[in-house]
Amino acid sequence: MSGLFHRLATRPGAAIPFTIDGMSAEARAGDLLIAAILLHRHSLRRFEFGSGERAGYCLMGACQDCWVTLADGRRLRACTTPVEPGMAVITGGGDA
Amino acid sequence: MQRLTVDVAIIGGGTAACAAAVALREAGLTVAVLEKRLCGGGASGVNFGGVRQQGRDLAELPLSRRSRVLWDGLSAKLSEDVGFEATGHIKLARSESDMAVLEAYARDAAGHGLDLQLLGPNALRAEMPWLGPAVVGASLSPTDGQANPRVVGPAFARLARRLGAEVCEHAPVRHAARDGAGFTIEAEGVSVRSRHLVNAAGAYGGTVAGWFGEAAPVAPLAPNMVVTEPLAPLVTRSIGVVGGDVYLRQTRRGNVVLGGGRGTADIADGLARPVAATSLGAMGKTLTLIPDLAHAQVIRSWSGLDGEMPDHIPVIGPSGTTPGLVHAFGFSGHGFQLGPVVGEILAELVTTGRSASPLHPFRIERFAGWRGPFRSEGEIEH
Amino acid sequence: MPEPRVAIVGAGPAGLRAAQVLAEASLRPLLVDEGHRAGGQIYRRPPPGAERPAAALYGFEAGRAQALHDLADALAPRVDYRPGTTVWGIAPRDPDGFDLECLGPDGHGRIAADRLVLATGAMDRTLPFPGWTLPGVFTLGAAQIALKAQGMAIGRRVALVGAGPLLPLVAHQYAKAGATVVAVLDVTPLAAKVKAAPRLAAVPATLAKGVWYTMRGALRRQPVRSGVRAIAVEGAARVEALAFEDAAGRRHRVACDAVGASFGLRSEAQAADLAGCRFAFEPVTRQWQPERSGQGRSSLPHVYLAGDGSGIGGADVAELQGERTALTLLADLGRPRDPAREAHLDRRLARQAGFRAALEAAYPYPHHLVEGIADDEIVCRCEGITAGAIRRTATERDASEMNRLKALTRTGMGRCQGRVCGHAAAEILARTLDVPVETVGRLRGQAPIKPIPLREPA
């Protein structure tokens, strides 16, 4: 499944298994959660006050656009959170 | 320097003041409102937004009952959505003794025509299965609700303007005095002559009263408010607890507004700010009431300056020393719901010298002979 | 008397240099850093395990980045470093210190400090354009971070838009890293750069790297188009193309799947606001910033400022200011002074100020573009508040000031607290009311500076 982000440099590091809306996905150690998701998807979440989805904006923890929800209820700012094995991201989006 | 001559000058631009300006214009009088900063930006605009009769001092209930009727038509009257919704207000008991307090209050309130429904643990959980185990019972006031405090005061101010009132913002009043047949009020950039004067100066109401030789001990009060990011609908009613240490509601857009405890207030510069430890405390208490909010993110906190009286009920009524002067201040952290009716009452007092509502408990003379300042403390009940 | 406790907020170029000076004076400062590794956003380091050679990551800036990272490593034993920690509140503490409310890996903590050095940095400045909230539109800073910290491009076909030296720099870095850059569009006129060219010639290379790339035409395959207008991202659910009008008025449409766009930088000044610092309007970049003396003092006796958080100067200036500010702090503590070092720094800072003025002239904040923002365009992306709502509220509901606008419309009331929309909203409000932008004021900072969980993390 091809996403928005595009890895330019392959690098070593352990594979990190996680899921997006129940589907298996893989990231690398050192990937931020936002990057891990956007390597596979084009958005992170639905926008609460209108149609459409959001995929983050500033990547430096300032704009707060990239808060995502995990299946266990946790809310995480994806651009400041490293991806961890087993994270189960729920985007609520229709993006495949 | 602008010079105005009006029938009524109003010191303060909160909801009650601007509602009074509206009612006075409707009665055909000329009005000037003198507001230190922006209308509705003080205690009127920063409060919790509870539109609540339940839990009030019994002396306030007749006023609160009358005001509740006005809330139903407020958006239409102001031509603006003030966000009023009768979601009900539920007061939670966390112990048997709390429950006894609720039962006693429900009996007293019934005498004022306010019907409260007492809920035991089973009935409560059937309606609100998301409440935490600390809650053992509750009292529900179905006709109470919530509204958006940020828009009510400014909307009253705009209506007053449309009706022809002079609304002067950024016009802090330096002094006011009785002068012959009327009053002279000196404010920043504007000087007003009036036949009547309304003191609706909130935390500064005591200062204004003092200009006319009247004691009114007002302490600054700063509610400590916190709000979460927008969340899926969960909290169906406006919630308070016996003891008042935490209160919360969920807005139409999904944010959960919660409060409890006090911020810090500086009467000299008029600034109030929330206190981090107090915010964290209210957040923790909220979680014991609603564990499902555990993952919600808090995005903002705020406070604002209100005036509190030693007996926690406001001063409303004519001056004891000065003909033509009327007071309405010191709402002690729960004036939002009363604002619309206090506007009407002030207009009644100015135009007829009396009110349809019982005001005896609120007379300023109850503080005659009061010595020195007082320090306000304890919870602000919601 | 015990040593005073100095807390530095931010571990970018300014914070690190301040920490160095204070550590040299054996003060063991507290260094609170949102990042997981020191370096700030400009010299952001990849996470452990994802390192790549500095030259590949930072290009032109590699030497300085490496030097700062080496400094951070060398300082480790001599500072109390708190990575991954957000200062979300600051309040005065009697008699004259401050309480910092921190959220870190171990939950909430309150840190008492006698003096503060605020080095909180900057973020990209935004102006709304059609489609700017679509998934795939990021800031230029975001595009750069994706590359530096993650070795990724924000898309497979990337268009870059902006007004500032970051634009050609990111374009260069992307092209060099092997990404496909399909357009580089500068909304400021080429004339501004040509006019500033004589002064820019004297600008040190690192400061002027963006201009340098533009003027020299380093991007031969993808030249920067200046004076571009009517930027619009097209796409139903995500970015599909970027449309624009060139300086000659011709319409273009470039297929792409991601856009990096920003219009200069804005100071991240919430911490200074909560501490109680006085702010002043900076007319060149048209933003409110905490007042800072040349020596790094704020308006408050025990609060010091350095770096982009209190005036946009760039990374090199931030380093100098960090060092200068810390020397001022030491002098205020009665420590022995080094007048030669202070004078040397003051001279370098004065020269840099001249360069910066030239740079700002070359890349003015394109505030005039707010006129073209359609009424249905979202300005506040957190709350979904449109330009039309702001304009109507200004004229019909007497919103004469930013905090009143916020109260009535929710503009700036969302998760980001107006960081992203505040400047654009102020420009729209001012233009609607036909008043200078400074008269509508600024959004007041409110705790928490960034969202905090209702339940403390376990």
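## Secondary structure and overall form of chain C

Helices, taken as H or I runs of at least four residues, and strands, taken as E runs of at least two, are DSSP runs numbered from the N terminus. In this predicted model, chain C contains 13 helices and 23 strands. Its radius of gyration is 22 Å, close to the 23 Å that the globule rule gives for 458 residues, so chain C is as compact as a globular protein of that length.

The C-alpha trace of chain C extends over about 70 × 50 × 45 Å along its principal axes. Buried residues make up 59% of the 458 residues in chain C. When contacts in chain C between residues at least 6 apart in sequence are considered, 68% of them link residues at least 24 apart.

## Domains of chain C

Chain C has a division into domain 1, domain 2 and domain 3. Domain 1 is given as 6-123 + 266-337, domain 2 covers 126-263, and domain 3 covers 373-440.

Between domain 2 and domain 3 of chain C, the contact involves five residues of domain 2 and nine residues of domain 3. On the side of domain 2 that touches domain 3 in chain C, there are three nonpolar residues, two polar residues and no charged residues.

## Contact between chains A and B

Chain B contributes five residues to its contact with chain A, and chain A contributes four. The side of chain B that touches chain A consists of two nonpolar and three polar residues, with no charged residues.

Note on methods. Residues are numbered from 1 along each chain as its sequence is written. Chains are lettered from A and ligands numbered from 1 in the order in which they are written. This is a predicted model: local features need pLDDT of at least 70, side-chain atom pairs count only at pLDDT 80 or more; totals for chains, interfaces and linings use all residues. Domain bounds come from an automatic or database domain assignment. Two residues are in contact if their C-beta atoms, placed from the backbone, lie within 7 Å. Ala, Val, Leu, Ile, Met, Phe, Trp, Tyr, Cys and Pro count as nonpolar, Asp, Glu, Lys and Arg as charged, and the others, Gly among them, as polar. The radius of gyration is taken over C-alpha atoms; the globule rule is 2.2 Å times the number of residues to the power 0.38. A residue is buried if 20 or more other C-beta atoms lie within 10 Å of its own, exposed if 12 or fewer, and partly exposed in between; C-beta atoms are placed from the backbone.
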